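Please open the structure in your viewer and keep the selection tool at hand. The tour below goes from stop to stop, saying what to select and what is there.

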Amino acid sequence: PGLLEWLQDMNWPGAWIALETLQDIDILALLPYIENALKKAVAEDDEMWIMAIKELAINRLKIKATDFTNPELFEVFDRIE
């Protein structure tokens, strides 16, 4: 879960390494942590972090709304460009 916090600012040293490391983890094992990080990012209104989670979840891992425990949470990605 700590690696997902590195995605809060992709300008931080090591953020891109964290992203690449995360994409190598089994999706089913990672999914609950992605959902948790997304909840925190929404609560903190941190669009940069949401964008980075979106990059990981959708663009790299090809996660779909139906993969989420709470598919409504996935809709947050639609509101972020």
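**A tour by selection**

Begin by selecting Arg60 and Glu55, whose side chains meet in a salt bridge at 2.9 Å, N to O; the term stands for a side-chain nitrogen of Lys or Arg within 4 Å of a carboxyl oxygen of Asp or Glu. Keep in mind that this is a predicted model, in which local features need pLDDT of at least 70 and side-chain atom pairs count only at pLDDT 80 or more, while totals for chains, interfaces and linings use all residues. Residues are numbered from 1 along each chain as its sequence is written, and side-chain values use heavy atoms, with hydrogens and water left out.

Arg60 is partly exposed, with a relative accessible area of 29%, and Glu55 is partly exposed too, at 24%; buried means under 20% relative accessible area, exposed over 50%, and partly exposed in between, with a 1.4 Å probe and protein chains only.

Lys40 lies in helix H3 and Glu5 in helix H1, so the pair ties together parts that are 35 residues apart in sequence. Helices here are DSSP runs (H or I, at least four residues), numbered from the N terminus. Lys40 has a relative accessible area of 39%, and Glu5 one of 36%.

At the start of H3, a side-chain oxygen of Asp26 reaches to within 3.2 Å of the backbone nitrogen of Leu28, and after the helix comes Asp45, whose phi is positive, near 55 degrees.

Which residues of H3 are buried? They are Leu30, Leu31, Ile34, Glu35, Ala37, Leu38 and Ala41, and the buried residues of H3 pack against helix H1 (2–5), H2, helix H4 (47–60) and helix H5 (71–74).

For the last stop, select Leu4, which lies in helix H1 and is buried, with a relative accessible area of 1%. Leaving aside its neighbours within four places in sequence, Leu4 is in contact (heavy atoms within 4.5 Å) with Leu22, Tyr33, Ile34, Ala37, Trp49 and Leu56. Selecting Ile80 as well shows a residue 76 residues apart from Leu4 along the chain, with the two C-alpha atoms separated by 18 Å.

Notes:
Helix = DSSP H or I, 4+ residues; strand = E, 2+ residues; numbered from the N terminus. Polar contact = N/O pair within 3.5 Å; in protein donor to acceptor, adjacent residues only side chain to side chain.
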